[in-house]
Each structure stands twice: as structure tokens, then as C-alpha cells.
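Okay, thanks everyone, let's get going.

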Amino acid sequence: MASEESNDVMISFNVGGQYFLTTRPSLLGTAGKDHMLARMIEGDLPLLKDKQGNIVLDRDGSCFQYILNYLRDGSLVMPQDQHFLELLLHEARYYCVAGLIHHLELKIVHSAELPSSMEIVRSEAELDRVVRSTRHGLPALRLVLSRSNNKFSYVSNSDERLLDNFELFTKLATRFRSRITFLFETGNRTSDICSWYFYGHGQQLSEVSCVSMVYTSSHTQTRIDFPQGKIYEQAMNLLLYEPGLAPSSPTQTTRKVEAYVVGSTSEI
């Protein structure tokens with residue numbers, strides 16, 4: 001009976017001067033007890049209350065309603081404004097709502113404004129066309145991001161590493177837009193989760209995979225890596241495949257790449 005009564009009691013929050021009402025089952029229903037608000041009402045964290053008995057949180061009130069909506073049933077109508085998405089992600093991390101953090105990080109990647117120099121790959125035919133064009137035209141760099149292709153759970157920082165890879169890709173696309181053709185692909189057309197591909201002379205030159213597996217006695221997890229140094233090196237190598245600059249031998253390629261990476265990485 002005591003448990004039923006506690007479930008019926010309304011819990012009020014004062015968040016940055018805005019007031020919200022909810023219940024204990026709503027706070028614990030979807031995300032369980034692994035977030036800050038659940039730990040507060042369970043007594044694991046100290047509470048600060050105002051004179052009216054509201055739990056006081058010195059945080060952004062406009063974001064808090066989205067946090068509550070997600071905790072109620074696990075769904076959320078995402079705002080479209082990119083700046084607000086980033087603010088909401090910051091608040092979700094503060095409250096440690098893991099599921100919402102995941103949804104927001106993917107939304108930010110997919111809604112980010114792509115550089116005008118970047119092409120979206122939607123089919124094998126489109127990819128083949130670009131690869132063929134590298135025989136006599138610009139070399140090409142392709143990033144494939146598809147989080148849903150994973151068969152296992154991810155380690156905790158994998159979503160952040162996905163964003164790191166995407167941000168580096170947009171940075172390179174802005175810096176070298178007149179010298180390299182940039183291709184971005186998402187979805188399940190391939191089995192890739194996070195991979196970089198480099199093309200020149202009408203063929204694939206190299207690949208950098210950003211996925212590794214973590215094995216324990218009880219389960220297997222997927223880890224997303226951010227091998228920034230390898231990616232930079234292969235991107236600089238592509239510049240040697242610009243029209244009129246193709247190396248005449250593999251040895252010449254290696255020597256030129258080493259010199260170019262040392263002299264150019266700081267400019268990116």
C-alpha cells in the first residue's frame with residue numbers, strides 16, 4: 001500500500017524558474033534508475049527544495065520538458081533547430097539519460113548541414129560513377145556511417161566517436177573541397193558502421209575502419225574508434241592523386257606522403 005501511495009504522489013520541479021509536475025512511475029518507467037532524476041527521488045542524491053516544496057534544479061527549463069517527455073514513454077518529437085538540439089544534448093548528458101543521448105547524437109549527425117562540396121551516396125551505381133571519374137579527375141574520399149548495422153551493444157563513448165569522425169569529415173571537405181571529391185553514405189546499403197574509403201586512378205586505394213570488438217566473459221560489445229592520424233595520412237595521400245600529380249612508383253608515393261603529412265597536417 002505504501003508503495004502504491006508513493007506512486008500516486010505528484011513530484012514537482014522548479015527548473016530555472018519553470019515548474020513541472022510528474023510522478024515517480026513516469027521518472028522510472030522508461031530509463032529505469034540509471035539517470036540523475038531517478039537517483040534523486042530514490043534518495044541516492046541530496047535534494048534542494050524551495051519554500052513551496054519543489055525540487056530545485058538550476059538548469060535550462062526549456063530543455064527539461066523534453067527530458068520529462070522522453071522519460072515518460074521513451075519517445076520524443078525532436079526539435080529541428082540545430083542549436084537547440086546541441087543544447088538539449090548537453091542537458092541530457094547532465095541528467096545522464098543514456099537513451100536520449102543516443103537519439104540526440106544521431107539526430108545531430110543526420111541533420112547537420114553538409115558542405116556544398118559533399119555528395120550523398122544512395123546506390124552502388126552512384127559510387128561506381130564517382131570511382132570511375134577518379135581515373136582522370138579528382139581523387140575521392142568516402143565516409144560510411146551507419147550505427148544501426150551493429151549486432152551488439154556499444155561501449156559508452158561510441159556515439160561521441162561517431163560524431164568525431166563526422167566532424168573531421170566535414171572539416172576535410174571544407175578544407176579540400178577543390179582538390180578531393182567527398183562522398184557521405186548512411187543507411188544499411190552496406191554492412192559498415194564507421195569506415196573511411198579512399199579512391200584514385202579509378203580504384204580503391206585504401207580503407208580505414210573505425211570499428212573494433214571488445215570481448216568480456218559475459219558479453220561482446222562494439223567500440224567506435226577515432227584513428228585521426230591514420231585518416232589524416234590517407235587524406236594527404238589522396239592529394240598525390242590529383243590530375244598531373246600521380247606518383248610513378250609505390251616508393252615515390254610513400255616518400256611524398258611522409259613529407260606531405262609532416263608539412264600539411266597543421267594546416268587542416
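**Helix H7 and its neighbours**

So, the buried residues of H7 pack against quite a list of strands: S4 (118-120), S5 (140-145), S7 (181-186), S8 and S9. Keep in mind as we go that this is a predicted model.

Which residues of helix H7 are buried? In this helix, residues 124-133, they are Leu127, Val130 and Val131. If you look down the axis of H7, those buried residues sit within an arc of 100°, so they line one face of the helix. The background here is that an α-helix has 3.6 residues a turn, so residues three or four places apart point the same way.

Next up, the strands around S11. S11 covers residues 220-224, and strand S6, residues 153-154, runs parallel to it, joined by 2 bridges. On the other pairing, S10, residues 211-215, runs antiparallel to S11, with 5 bridges. A hairpin of 4 residues connects S10 to S11. Now have a look at Gln221 in S11: Ser153 stands opposite it, and Gln221 is also the bridge partner of Val214.

Two elements give two or more residues to its lining, namely H6 and helix H8 (158-175). Which of the elements gives the most? That's H6, with 4 residues. The lining includes Ala98, Ile101, His102 and Glu105, and also Arg93, Arg147 and Tyr154. By class, you get 4 nonpolar, 3 polar and 5 charged residues around this pocket. Among the lining residues are Asp159 and Glu160 too, for anyone thinking about charges.

Cys96 isn't a glycine, yet its phi is positive, about 60°. Where is Cys96 found? In the loop between helix H5 (82-95) and helix H6 (98-111).

His201 is in the loop between strand S8 (194-200) and strand S9 (203-209). Its relative accessible area is 36%, so His201 is partly exposed.

Definitions and conventions: Residues are numbered from 1 along each chain as its sequence is written. This is a predicted model: local features need pLDDT of at least 70, side-chain atom pairs count only at pLDDT 80 or more; totals for chains, interfaces and linings use all residues. Side-chain values use heavy atoms; hydrogens and water are left out. Buried means under 20% relative accessible area, exposed over 50%, partly exposed in between (1.4 Å probe, protein chains only). The arc is that of the directions from the helix axis to the C-beta atoms. Contact means heavy atoms within 4.5 Å. On a 1 Å grid over the protein atoms alone, a cavity is a set of points where a 1.4 Å probe fits but cannot get out, and a pocket is an open set with protein on both sides within 12 Å along at least five of seven lines; lining residues have an atom within 4 Å of a point. Ala, Val, Leu, Ile, Met, Phe, Trp, Tyr, Cys and Pro count as nonpolar, Asp, Glu, Lys and Arg as charged, and the others, Gly among them, as polar. Two strands pair if DSSP finds at least two bridges between them.
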